[in-house]
Amino acid sequence: MSKTIGVVVAGASGRMGQMLVQAVLASPDMSLVGALDHAGSPALGQDAGAFAGRVTGITIQSDIAQALVGAHVLIDFTRPEGTMAHVAAAGAAGVAVVIGTTGFSDEQKAQLQLASQVTPMVMAPNMSVGVNVTLKLLEMAAKAMPTGYDIEIIEAHHRHKVDAPSGTALKMGEVVANAIGRDLKECAVYGREGVTGERDPSTIGFATIRGGDIVGDHTVLFAGTGERIEITHKSSSRATYAQGSLRAARFLVDKTSGLYDMFDVLSLN
């Protein structure tokens with residue numbers, strides 16, 4: 001039997017971090033070897049399983065180098081600045097990284113691409129297996145309907161989400177744009193107000209909803225003449241992101257370098 005995969009969870013006291021901690025603890029092929037949070041977090045010094053009434057023996061800390069001792073994979077759903085620092089430390093420690101963080105700048109993405117030459121990474125704006133299957137369906141639909149259909153992407157998330165549109169919505173836009181030979185940077189429309197004129201058929205529109213405790217809803221609408229196709233994915237729990245992240249961690253165990261996405265993990269490429 002293969003050895004247990006040692007996992008470090010970054011942002012361990014956050015909503016997603018707690019879900020990841022639970023998922024790792026419930027996985028027989030994984031062990032929690034470290035838990036990270038930012039220097040000012042009130043959770044520092046607490047047991048990583050305290051939120052669930054469990055004693056893991058792993059204390060939440062802010063020392064990335066110390067947390068990575070004995071680790072095989074770091075799973076990071078934090079903020080871009082924190083992730084960049086974690087990736088640098090993981091590279092030095094020879095630890096693979098699963099990145100679910102969104103909102104990276106083009107420069108940061110280029111730095112991650114460079115870092116992947118020595119550090120194996122899976123990077124995806126959404127780790128959900130269902131979302132990534134949805135992305136494949138969108139690619140197929142867009143290739144079959146390259147003209148004659150107006151494309152709109154509608155996404156909804158909880159009130160605490162800080163970036164918009166969501167990384168998943170942007171990924172959906174990129175997948176659709178690439179499938180029909182467009183550049184999303186040139187054709188995306190992120191807001192409409194006032195007298196906008198008729199819709200440019202070459203654009204891809206985005207609409208963002210924020211409210212309550214919505215985990216994540218995404219719909220891509222292909223609106224043609226006399227018909228419309230809607231491809232929708234709805235998340236009711238962050239557990240799906242956690243389980244996808246564990247699949248990504250298992251995928252990375254035998255990799256020595258490279259930047260992968262969930263299509264690679266799920267053999268959808």
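Trainee: Where is the place of Ser41, in terms of the strands around it?

Mentor: In this predicted model, Ser41 falls in the loop that runs between β2 and β3, the latter being residues 60–61.

Trainee: And is Ser41 buried or exposed there?

Mentor: Ser41 counts as buried, because its relative accessibility is 8%, and the cut-off for that class is under 20%.

Trainee: What does the side chain of Ser41 reach?

Mentor: The side chain of Ser41 reaches the backbone nitrogen of Ala43, at a distance of 3.1 Å.

Trainee: Changing topic to the largest nonpolar core, which residues touch the most other members?

Mentor: That core has 34 residues, and Val98, Val122 and Met262 are the ones that touch the most other members.

Trainee: Which elements give two or more residues to this core?

Mentor: Those elements are the strands β1 (5–10), β2 (30–36), β4 (73–76) and β5 (96–99), together with the helices α1 (15–25), α8 (239–252) and α9 (262–265). The largest share, seven residues, comes from α8.

Trainee: Back to Met262, then: what is it in contact with, leaving aside its neighbours within four places in sequence?

Mentor: With those neighbours set aside, Met262 is in contact with Val122, Ala124, Asn126, Met127 and Asn132, and also with Gly244 and Ala248.

Trainee: How many aromatic pairs does a search of the whole structure find?

Mentor: The search finds two. In one of them, the rings of Tyr190 and Phe206 have centres 5.0 Å apart and planes at 35 degrees, so this pair is classed as tilted.

Trainee: Which parts does the pair of Tyr190 and Phe206 tie together?

Mentor: Tyr190 lies in the loop between β8 (188–189) and β9 (204–210), whereas Phe206 is in strand β9 itself, so the pair ties together parts that are 16 residues apart in sequence. Tyr190 is partly exposed, at 48% relative accessibility, while Phe206 is buried, with a relative accessible area of 5%.

Trainee: What about Phe251 and Tyr260, how are their rings arranged?

Mentor: Phe251 and Tyr260 form an edge-to-face pair, with 5.1 Å from centre to centre and 80 degrees between the planes. Phe251 is buried, its relative accessible area being 18%.

Trainee: Which charged end sits over the ring of Phe251?

Mentor: That of Lys255, which sits over the Phe251 ring at 4.0 Å from its centre.

Methods. Residues are numbered from 1 along each chain as its sequence is written. This is a predicted model: local features need pLDDT of at least 70, side-chain atom pairs count only at pLDDT 80 or more; totals for chains, interfaces and linings use all residues. Side-chain values use heavy atoms; hydrogens and water are left out. A nonpolar core is a set of buried Ala, Val, Leu, Ile, Met, Phe, Trp, Tyr and Cys residues joined through side-chain atoms within 4.5 Å. Buried means under 20% relative accessible area, exposed over 50%, partly exposed in between (1.4 Å probe, protein chains only). Helices (H or I, at least four residues) and strands (E, at least two) are DSSP runs, numbered from the N terminus. Contact means heavy atoms within 4.5 Å. Rings of Phe, Tyr and Trp (its six-membered ring) pair if their centres lie within 6.5 Å; planes under 30 degrees apart count as stacked, over 60 as edge-to-face and the rest as tilted. A charge sits over a ring if NZ of Lys or CZ of Arg is within 6 Å of the ring centre and within 35 degrees of the ring normal. A polar contact is a pair of N or O atoms within 3.5 Å; within protein, one must be able to donate a hydrogen and the other to accept it, and residues adjacent in sequence count only if both atoms are side-chain atoms.
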